Amino acid sequence: MERNAFFDNAKALLIFLVVFGHMIQPFTNEYAGINTLYLWIYTFHMPAFILLSGFFAKGSGNAGYVWKLAKKLIVPYLIFQILYTIYYFYIGKPDWQTGMFHPHWSLWFLFSLFSWHILLIVFKKIPAFYSISLAVLIGVVVGYFGEIGHTFSLSRTFVFFPFFLIGYWVTEKQMMSIKRNAVKGVSLVVMTVLAIAIFYMPEFNSGWLLASKSYGDLGMEQYGGIARLLVYVTAAIMVVSVLAWIPKRNFGWLTKLGTRTLYVYLLHGFIVQFLRQYDILSVNNILDFIGIAGISAMIVILLSSKPVLTVSQPLIEGKMSIIRNIFNNQRSGTSS
């Protein structure tokens with residue numbers, strides 16, 4: 001069965017937004033426009049990524065699968081946790097030293113993704129409506145406990161789990177139904193209104209979107225649960241709005257980028273943190289901003305390229321199939 005290009009196109013766009021969001025983050029305090037765009041992106045890009053991860057988790061749950069998943073996610077997590085610790089020390093990053101179970105920067109996703117698959121073993125036995133409702137309830141409740149935070153990526157694991165679960169339950173037909181013209185029309189209004197609201201919103205704490213802090217840390221200990229429910233609703237509407245515009249057409253190499261997002265996700269931190277640490281980038285005008293968008297796109301393309309995949313595959317996937325294929329092709333070419 002031919003792979004639906006919609007999903008790879010969506011992942012390609014989302015991984016670009018991950019890199020772009022990390023690139024512009026240092027400038028959010030200086031420019032209201034950049035801060036608005038940054039928060040706007042963060043309302044949907046990780047929820048959408050997580051929803052797609054849940055969609056591709058169908059059929060998971062047995063013991064053998066969990067073991068394979070540990071090798072696919074936990075082993076790279078441990079490897080890159082060590083590599084980033086060494087790298088941060090080398091470039092002089094102040095918070096280079098951290099425990100093995102206190103994820104460096106974006107590595108939380110690997111730990112959480114593994115945990116979501118484990119949770120799925122139980123939650124997939126509960127009917128969809130009730131399992132999603134329970135996941136949302138847990139995501140709301142954990143915010144009241146300050147002890148559940150960055151360690152083991154627990155806070156993000158529980159808060160983002162509803163999106164993974166929705167992705168698991170949703171069918172491809174349901175996913176494609178959001179591409180109707182009526183949905184697209186409404187989505188334009190939704191995306192525009194939200195951008196305007198963010199721009200005029202007084203001091204919105206990005207911690208609500210990052211999901212790694214308790215309500216007490218976010219300054220809303222009493223009514224934090226209501227605020228999180230509003231964030232959930234906003235994120236869900238934005239995910240639908242953005243995915244409605246993702247094309248189903250195969251764009252060749254551009255679509256293929258969507259199959260290599262794990263490489264970009266794990267490796268882009270080495271580039272972004274270097275640029276941040278030495279203040280290499282600056283934004284003084286619109287051209288600088290466009291330039292950062294261009295650099296972000298080049299980072300995605302570079303880290304998705306065959307040479308990078310060839311070198312990093314043993315670390316990320318624990319195998320050397322690309323190198324073996326190159327070697328076999330050279331041997332067969334020589335013998336012929």
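**Close-up 1. Aromatic pairs in the predicted model.** Two rings of Phe, Tyr or Trp, the last represented by its six-membered ring, are taken as a pair if their centres lie within 6.5 Å. In this structure, which is a predicted model, that rule gives a count of 30 aromatic pairs. One of them joins phenylalanine 129 to tyrosine 130 in an edge-to-face arrangement, with 5.4 Å from centre to centre and 80 degrees between the planes. Phenylalanine 129 and tyrosine 130 are both exposed.

**Close-up 2. The pair of tyrosine 144 and tyrosine 215.** The ring centres of tyrosine 144 and tyrosine 215 are 4.7 Å apart and their planes stand at 85 degrees, so this pair is edge-to-face. The pair links distant parts of the chain, since tyrosine 144 belongs to the loop between α6 (128-141) and α7 (154-169), whereas tyrosine 215 belongs to the loop between α10 (207-210) and α11 (224-243), 71 residues apart. Tyrosine 144 counts as partly exposed because its relative accessibility is 42%, while tyrosine 215, at 0% relative accessibility, counts as buried.

**Close-up 3. An aromatic cluster.** One aromatic cluster is formed by Phe49, Trp108, Phe109, Trp116, Phe123, Phe160, Phe161, Phe164 and Tyr265.

**Close-up 4. Lysines placed over aromatic rings.** The charged end of lysine 93 sits over the ring of tyrosine 88, at 5.3 Å from the centre of that ring. Lysine 184 lies over the face of tryptophan 245, and here the distance to the ring centre is 5.3 Å.

Note on methods:
Residues are numbered from 1 along each chain as its sequence is written. This is a predicted model: local features need pLDDT of at least 70, side-chain atom pairs count only at pLDDT 80 or more; totals for chains, interfaces and linings use all residues. Side-chain values use heavy atoms; hydrogens and water are left out. Rings of Phe, Tyr and Trp (its six-membered ring) pair if their centres lie within 6.5 Å; planes under 30 degrees apart count as stacked, over 60 as edge-to-face and the rest as tilted. Buried means under 20% relative accessible area, exposed over 50%, partly exposed in between (1.4 Å probe, protein chains only). Helices (H or I, at least four residues) and strands (E, at least two) are DSSP runs, numbered from the N terminus. A charge sits over a ring if NZ of Lys or CZ of Arg is within 6 Å of the ring centre and within 35 degrees of the ring normal.
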